[in-house]
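Hi everyone, thanks for coming. Let me put the sequence and the model up on the screen, and then we can walk through them together.

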2 protein chains.
Amino acid sequence: MARSVLGPEIERLIQLLAKLPGLGPRSARRAALALIKKKDQLLVPLAGAMSLAAERVKVCSVCGNIDTVDPCAICSDPERDARTLIVVEDVSDLWALERAGAMKARYHVLGGTLSPLDGVGPDDLTIDALVRRCASGEVSEVILAVNATVDGQATAHVITDRLTATPVKVSRLAHGVPVGGELDYLDEGTLAAALRARTPF
Amino acid sequence: MARSVLGPEIERLIQLLAKLPGLGPRSARRAALALIKKKDQLLVPLAGAMSLAAERVKVCSVCGNIDTVDPCAICSDPERDARTLIVVEDVSDLWALERAGAMKARYHVLGGTLSPLDGVGPDDLTIDALVRRCASGEVSEVILAVNATVDGQATAHVITDRLTATPVKVSRLAHGVPVGGELDYLDEGTLAAALRARTPF
């Protein structure tokens, strides 16, 4: 195909859609076609929603969450316990914890994990800002809700070290059997952790 | 979450993204976050590409293809053989055949297959327009490139019946072993068809 039959507008739409996580070249073509077929119900509203998000959404200067206001709705919510900070790697983890709805605390988004192999050092994360928030005296507990991966746990150790100079108590999420999980399918590490952390019944 | 922590703009973006084929609620959240994080590289360009596509892309009044011009680039290409029409169910099939690049013919997009259970009858497809194109005397061969599904083959039979009154020759795609395919993994119907249609070596 010398001049692609798709036309430059459709080609470009497919190329950009293929950059979304979870979409490859084939599914991007399917998505582009679905968008064009549902122009009024999907393509036009989605274009509008994207423009609006691009215009309004910003990163919270306090916690690193994304919202249309700065400080974000969580940081400025007076009903939330400002003395407890939940430290997460990414905004998606914050969203997941909010869906669980178990705790009305505030957050601190690290922006990733330490990863020497990928060239991510402490300065690439918001660890300094976290230490400053904790040193201010407003925070009494930091809950490390980082992923239970090697990088996540290494990051948790570094943060714990940095926070020893501040007056905060540091805790981390419990390890154990996922609710609804079957023991037979769980790895040995999780089972051993669940046994060690057994609770009275 | 009474007032969602995501904010209405991000909520709406996620809801609309979840309507794309291949994206569910979870992957729509991931996609929305990726878009917001890559605002200048992805969100803004994609919003622009979508607006442009919504504004410019239209359905070809001759063949049913989508393009920014009407008639589409294929229908108005003088180097294509106007005497051969390849009948496809959907624009995505047209794109697939163009990627194969095996034939410089023109197309006719049906817009689906006959499906009595789903309430899709002959009037919902562009069969009448196909018959008119074939009756005009400009077309000498119609190649039915519909899917090898029950609905596709039923549609092919109906089209063949309707075209007997016109002077065109009707053919269909060959059935056989996919190039690169392993016999062990093929169904019996395909193997039987490939044996019946064996060719001299």
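Two terms before we start: helices (H or I, at least four residues) and strands (E, at least two) are DSSP runs, numbered from the N terminus, and two strands pair if DSSP finds at least two bridges between them. What you see is a predicted model, where local features need pLDDT of at least 70 and side-chain atom pairs count only at pLDDT 80 or more, while totals for chains, interfaces and linings use all residues. Residues are numbered from 1 along each chain as its sequence is written, chains are lettered from A and ligands numbered from 1 in the order written, and side-chain values use heavy atoms, leaving out hydrogens and water.

Let's begin with chain A. Its open sheet has 4 strands, paired in parallel, in the order β4-β3-β5-β6. Which strands are at the edges? They are β4 (105-109) and β6 (169-172) of chain A, each pairing on one side only. From one strand to the next, the twist averages 30°; axes here are lines fitted to C-alpha atoms, for helices over the stretch in contact, and angles run from 0 to 180 degrees between N-to-C directions.

On this sheet packs helix α4 (residues 91-100) of chain A, touching β3 (81-88) and β4 of that chain, with its direction at about 160° to that of β4(A). Contact means heavy atoms within 4.5 Å. Helix α6 (residues 150-163) of chain A lies across β3, β5 and β6 of chain A, at about 165° to β5(A). As for β5 (residues 141-144) of chain A, 4 bridges join this strand to β6(A), and A:Glu141 has A:Lys169 as its bridge partner there.

Now over to chain B. Strand β3 (residues 81-88) of chain B runs parallel to β4 (residues 105-109) of chain B, joined by 5 bridges; B:Leu85 is partnered by B:Arg106. β3(B) also pairs with β5 (residues 141-144) of chain B over 4 bridges, again in the parallel sense, and B:Thr84 stands opposite B:Glu141.

Last stop: helix α2 (residues 25-37) of chain A. Among its buried residues are A:Ala31, A:Leu35 and A:Ile36, buried meaning under 20% relative accessible area with a 1.4 Å probe, protein chains only. What covers the buried residues of α2(A)? The cover comes from both chains, including α1 (8-17) and α3 (39-56) of chain A, and α3 (39-56), β2 (66-67) and α4 of chain B.

Definitions and conventions. Buried < 20%, exposed > 50% of the residue type's maximum accessible area, 1.4 Å probe, protein only.
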